[in-house]
Amino acid sequence: MTTVSMRDLSHAVGSWVDRAHAGESIIITRNGRPWARLVPELTQAGSDYLDQLVAQGRVTVPTAGLADLPEPVPTGGWDGRDSTDVVAELREESA
């Protein structure tokens, strides 16, 4: 992703807008820090940004739902206590 300072952007707005129109995403910086983003307009009627990213191959749509995830692996460390109780106990030990 290309970056441009606000100052440089102001001197050549047209060329930066043309680059975004061509499909490039541009981060605009202010005082050296990311400030805004210039992205291409959606080109297909009725499409949203995610659909465009999928079409470009930049993201993958999930094929399964959350219910299909495996059960978490037990860590063996949790004994049912609340975290505030554990912290209080640790503070008592260090005092």
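Trainee: In S3, which residue is the bridge partner of threonine 29?

Mentor: This is a predicted model, in which local features need pLDDT of at least 70, side-chain atom pairs count only at pLDDT 80 or more, and totals for chains, interfaces and linings use all residues. Residues are numbered from 1 along each chain as its sequence is written, and side-chain values use heavy atoms, with hydrogens and water left out. Threonine 29 is found in strand S2, a strand being a DSSP run of E with at least two residues, numbered from the N terminus. Its bridge partner in S3 is proline 34.

Trainee: In which sense do S2 and S3 pair, parallel or antiparallel?

Mentor: Strands of a sheet pair through backbone hydrogen bonds, either parallel or antiparallel. Two strands count as paired if DSSP finds at least two bridges between them. Strand S2 (residues 26–30) and S3 have five bridges, and one of the pairs joins isoleucine 26 to leucine 38. The sense of their pairing is antiparallel.

Trainee: Is threonine 29 buried or exposed?

Mentor: Buried means under 20% relative accessible area, exposed over 50%, and partly exposed in between (1.4 Å probe, protein chains only). Contact means heavy atoms within 4.5 Å; leaving aside neighbours within four places in sequence, threonine 29 is in contact with Thr3, Val4, Ser5, Met6, Pro34 and Trp35. With a relative accessible area of 16%, threonine 29 is buried.

Trainee: How many of the six residues of S3 are buried?

Mentor: S3 lies largely in the open. This follows from a count over its six residues, because the number buried is zero.

Trainee: What is the phi of asparagine 31?

Mentor: Most residues other than glycine have a negative phi. Asparagine 31 lies in the loop between S2 and S3, which form a hairpin with two residues between them. Asparagine 31 is exposed, with a relative accessible area of 77%. Its phi is positive, near 55°.

Trainee: Is leucine 50 buried, partly exposed or exposed?

Mentor: Leucine 50 is found in helix H3 (residues 49–55), a helix being a DSSP run of H or I with at least four residues. Its relative accessible area is 48%, and leucine 50 is therefore partly exposed.
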